[in-house]
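Trainee: Please take one part of this model and go through it closely. Then set it beside a few other spots.

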Amino acid sequence: MKFSFTELIHRITDRKSWLESAGMFLGATVVGLLFGAIVIWSSNKSPIVAYTALFSGAFGSLYGFTEVLMSTTPLLLAGLSVAFAFHCGLFNIGAEGQLMLGGLAAGWAGYAIQGLPWYLHLPLALLCGVAAGALWSLIAGALKAWKGIHEVISTIMLNYIAFNIGDYMVSSNGPLKAAGIIPATPYVLNTARLLPIIPNTRFSGGIFIALVMAVLMGYVLWHTRLGYRIRAVGKSPSAAEYAGIPPRQTMLLAMAISGGLAGLAGAVQVLGLSYRFSSTFSPGYGFDAIAIALLGSLHPFGIVLASLLFGILHAGSVKMQQTAGVSNDIIYAISGIIIFFVALRGVLVNFQSRFSHKNATAKVQK
Amino acid sequence: MNILSVFNIGLLAATLRGATPLIFAAIGVTYAERSGVTNIGVEGIMLFGAFSAVLVTYYTKNPWIGVLAAVIVGGLLGLVHAWTSITLKANQIVTGAAVNLLAVGIPNYLLIAIWNQPGASPMVANIKPLHIAFLANLPIIGPLFNSQNLLAYLAIFAAIVGQIILFHTPLGLHIRAVGEDPRAADTVGIDVYKLRYLCVIFSGMMAGLGGAYLSVAQLSMFTKQMTQGRGFIAMGAMIFGKWTPIGSLGACLLFGFADALQLALQTIGVSIPSDLLMTFPYVLTLIALAGFVGRSAAPAAVGKPYDKG
């Protein structure tokens, strides 16, 4: 299976206007929610009751809204992760596995490393998460760069391996399991925690780390030589190579950064919310991230908005489940429809703006 | 404890049982890719197939009607994939990923909506192993056939017939031509879209069949995420098998063996933790892809939409 995302990246990133991206965002969201409503309705439940519960859960109280931001945090980081790889022409479906191992590494560093002040311990634990995610994604990057193995297959295989590693580490005889019956690591020390900054909520401020990463990603992609190289390889690896950009090294680096961001998502989640690693800490953030990256037109600002939308869905679904009896599995169905819609978007609105190979070459050589 | 004790005829029987769903899915994706369309949605289609089979069996009490339903649902999802990728020319990988996400959401949602059970469906009637007297009475390898049902034989049969059609009939020649050079095929009067539609719908039906095997033949129920990446492993088998049905059959048997071996080792209580043993088929897929695969075996036009112009 060989495949490049050149055309899709063109369609999504060479947008004619902000308006078009915004229209796509709203259109996909509405279609996704409508589809969800049909599924809810077809199971003899009221979509109005369900969605009212969802949005009142998300916006009805300060606590509810801080929960939205807490859900948004890993989604934003994972969305940036998927988008970053996309800009280099790589489809990182492995964000979930990288996130899992990032959370594991950060959780381990949070309790195993002792005696450091918080301003060293916390960054170190976060970095452990980044490193674990980056190293894991590098396996897929290397297989792609030197063996031509499509990253969609390799990252999925690596996902399952990562899930099993996570399970093993905290299984009954696992090396990182805390005493007791709960399959989790020991709690991380206070010096490694992102503690709540608003009283009576769980709001850790991790969202600010994610927002800084969004700004940083925009800067790197559009204002540095590295970003230029990554985008050039994403648009056309052969043209980039012709222009003197090494495609393999660039792909590896992009994959490592992408994995690092996913690892950070897991680390922030473990250090800022659960305070310990368990293999069930992510309800599939890495998979939602695909919808988020595409819905946000692969642009950091769009991804912030898209992750906020999914944060609302996730945080609100708790109340939807309690009040309306609608299970949060519906969110995956909504994500799926949103991805469908975005994939069709190029077809629906952008027929004529296909770039020829020649144009891409000219762009790279400019 | 003797580790060698797991290497017996029972292990081979388990190999075939583990390989059967993979063989169906792998033959399906082989045809789709040979015609020039990649379908990573097979993972999700298998899951939909597994669910539909259980749902219909639950109401009809007949697992074969369930299997039929899975094939139809798979074919319909294949039709959707064909429409988006061939007619609308959307990105095939992204729409395939969308199918996979839908498959995470919808069956799990319906599990709760229909049976109010998260995680697993109620038990339903299942497909019984087929007892063929002359095979079961064979010396030594007889036990290999005791635990197989009709679908296992069908899978092997499908691989052989699939190989013959693809490489020894005009239809197969046309499919390969469409996947290698659609423009040239079009010029000599082959209907590119029709063949691609047929192959992609077929890949959906086969994935549905593979999913049905998991739920109504192997387990007699549906459990959350029960395919566990088998659709992707089937794609790995297709690549490992060099895009041929017989090659895919061999690769699926290898992955089935890996799965059977890790299960057998778990059962005898080998000192490797079971969570790590479970990674064996996935690790093997990666190693097989990394170590033995040539880079240029894929059909030339795979993944590229064809514009009649």
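Mentor: Helix α11 of chain B, residues 230-240, is mostly covered. Of its eleven residues, ten are buried, where buried means under 20% relative accessible area with a 1.4 Å probe and protein chains only, exposed means over 50%, and partly exposed lies in between. The buried residues of α11(B) include Arg230(B), Gly231(B), Phe232(B), Ile233(B) and Ala234(B). Met235(B), Gly236(B), Ala237(B), Met238(B) and Ile239(B) are also buried. After α11(B) comes Lys242(B), with a positive phi near 55 degrees. Helices here are DSSP runs of H or I with at least four residues, strands are runs of E with at least two, and both are numbered from the N terminus.

This is a predicted model, in which local features need pLDDT of at least 70 and side-chain atom pairs count only at pLDDT 80 or more, while totals for chains, interfaces and linings use all residues. Residues are numbered from 1 along each chain as its sequence is written, chains are lettered from A and ligands numbered from 1 in the order written, and side-chain values use heavy atoms, leaving out hydrogens and water.

Leu101(B) sits in helix α4, residues 92-115. Leu101(B) counts as buried because its relative accessibility is 5%. Its contacts (heavy atoms within 4.5 Å) reach into chain A. Leaving aside residues up to four places away in sequence, Leu101(B) touches Phe287(A), Tyr332(A), Ala333(A), Ser335(A), Gly336(A) and Ile339(A). Gly41(B) lies 60 residues from Leu101(B) along the chain, and their C-alpha atoms are 9.1 Å apart.

Now chain A. Its secondary structure is 15 helices and zero strands. Of its 366 residues, 63% are buried. Take contacts between residues at least 6 apart in sequence: 78% join residues at least 24 apart.

One helix pair in chain A deserves a look. Helix α12 (residues 285-295) and helix α13 (residues 300-324) have axes that come within 8 Å and cross at roughly 140 degrees. That angle makes α12(A) oblique to α13(A). Axes are lines fitted to C-alpha atoms, for helices over the stretch in contact, with angles from 0 to 180 degrees between N-to-C directions. Under 35 degrees is roughly parallel, over 145 roughly antiparallel, 65 to 115 roughly perpendicular, and the rest oblique. From α12(A), Asp288(A), Ala291(A), Ile292(A), Ala293(A) and Leu295(A) take part. They meet Ile303(A), Ala306(A), Ser307(A), Leu309(A), Phe310(A) and His314(A) of α13(A).
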